[in-house]
Amino acid sequence: MSVLALVFAAGDGGQLSTQLSIAFVRVGGVPLMVRAVRCMLGSGAVDQVILAVRPGDLEKTRSLFEAHSAPVGALGWQGTSDSWVLSEDVHTVVVHDVTRPLTPPTLVASVVSASLACGGVAVPVLPVSDTIKRLDPVGTVLGTEDRAGLRTPQTPIALPADLLRNTRLEIPGELEVTALLDQLGQPAHPVPGDPDAFELRTAWDLRLAEMLVSA
């Protein structure tokens with residue numbers, strides 16, 4: 001039985017102030033999609049990677065991986081308009097997004113191990129460090145939320161393949177972690193997350209990632 005990673009690489013860059021599809025944005029000179037594939041396969045816990053890209057980016061994606069001498073033997077592509085296709089030999093699925101380019105491979109191995117152990121969904125989480133204020137309908141501050149039971153989810157998420165086979169999910173252009181967990185409708189087992197697995201949402205996030213890889 002194998003472990004398949006579904007990596008989303010079809011976003012439009014959002015607030016990153018780029019005209020490129022998010023997958024072709026580079027950190028440290030390496031495209032985000034190449035970093036994501038290297039992370040998945042480098043974890044030792046993933047056997048195959050499927051990249052969900054814009055249909056018009058398929059040929060460019062193939063050329064990109066050839067140019068970067070990136071692993072392609074265990075790599076496939078599909079457009080975001082395609083249906084989820086999971087072969088019967090796939091036991092566990094890892095869902096990830098290219099917007100987390102510094103995700104350590106050890107985090108991938110951790111969520112796969114946790115999913116296998118609990119037989120369900122495993123998601124990396126971090127404690128909420130910011131102070132959260134509660135407001136009334138007119139915007140008046142009422143008080144401070146207790147952060148003890150709050151966590152911020154990350155990707156990669158690992159789950160049994162049968163859960164995806166039995167759940168009708170759409171392939172989005174961009175992966176939204178909480179939306180995916182809500183669609184699955186299953187309790188999720190928390191795994192300690194990693195600060196390096198932060199999401200690129202703004203131009204500042206991109207600059208921060210560049211600084212970290214060049215340090």
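User: Which strand does strand 7 run antiparallel to, and over how many bridges?
Analyst: Strand 7 runs antiparallel to strand 10 (residues 151-153), and three bridges join them. Strands here are DSSP runs of E with at least two residues, helices are runs of H or I with at least four, and both are numbered from the N terminus. Two strands pair if DSSP finds at least two bridges between them. Keep in mind that this is a predicted model, where local features need pLDDT of at least 70 and side-chain atom pairs count only at pLDDT 80 or more, while totals for chains, interfaces and linings use all residues. Residues are numbered from 1 along each chain as its sequence is written, and side-chain values use heavy atoms, leaving out hydrogens and water.

User: Thanks! What is the bridge partner of Val125 in strand 10?
Analyst: That is Pro153.

User: And how does strand 7 pair with strand 12?
Analyst: In the parallel sense, over five bridges, with strand 12 covering residues 188-192. Val123 stands opposite Pro190 there.

User: How many residues of strand 7 are buried?
Analyst: Five of its seven residues (121-127) are buried, so strand 7 is largely enclosed by the rest of the structure. Buried means under 20% relative accessible area, exposed means over 50%, and partly exposed is in between, using a 1.4 Å probe and protein chains only.

User: What about Ala122, buried or exposed?
Analyst: Ala122 is found in strand 7 and counts as buried because its relative accessibility is 0%.

User: Which residues does Ala122 touch?
Analyst: Leaving aside residues up to four places away in sequence, Ala122 touches Val111, Ala114, Ser115, Pro156, Ile157, Ala158, His189 and Val191. Contact means heavy atoms within 4.5 Å. Its C-alpha is also 5.9 Å from that of Pro190, although Ala122 and Pro190 are 68 residues apart in sequence.

User: Pro156 is on that list. Where does Pro156 lie?
Analyst: Pro156 lies in the loop between strand 10 and strand 11 (157-160). A cis peptide bond joins Thr155 to Pro156, with omega at about 15°.

User: Switching to helices: at what angle do helix 1 and helix 2 cross?
Analyst: Roughly 65°, with the axes of helix 1 (residues 32-42) and helix 2 (residues 58-67) coming within 10 Å. That makes helix 1 roughly perpendicular to helix 2. Axes are lines fitted to C-alpha atoms, for helices over the stretch in contact, and angles run from 0 to 180 degrees between N-to-C directions. Angles of 65 to 115 degrees count as roughly perpendicular, under 35 as roughly parallel, over 145 as roughly antiparallel and the rest as oblique.

User: Which residues meet there?
Analyst: Met33, Val34 and Val37 in helix 1 meet Thr61, Leu64 and Phe65 in helix 2. The residues of this contact divide into five nonpolar, one polar and no charged.

User: What sits between strand 8 and strand 9?
Analyst: Five residues, as strand 8 and strand 9 form a hairpin, and Gly139 in the turn has a positive phi of about 95°. Strand 8 (residues 133-135) and strand 9 (residues 141-144) pair in the antiparallel sense over three bridges. Leu135 stands opposite Val141 in strand 9.

User: Last one: how many helices and strands does the chain have?
Analyst: Six helices and twelve strands. Of its 215 residues, 46% count as buried.

Notes: Ala, Val, Leu, Ile, Met, Phe, Trp, Tyr, Cys and Pro count as nonpolar, Asp, Glu, Lys and Arg as charged, and the others, Gly among them, as polar.
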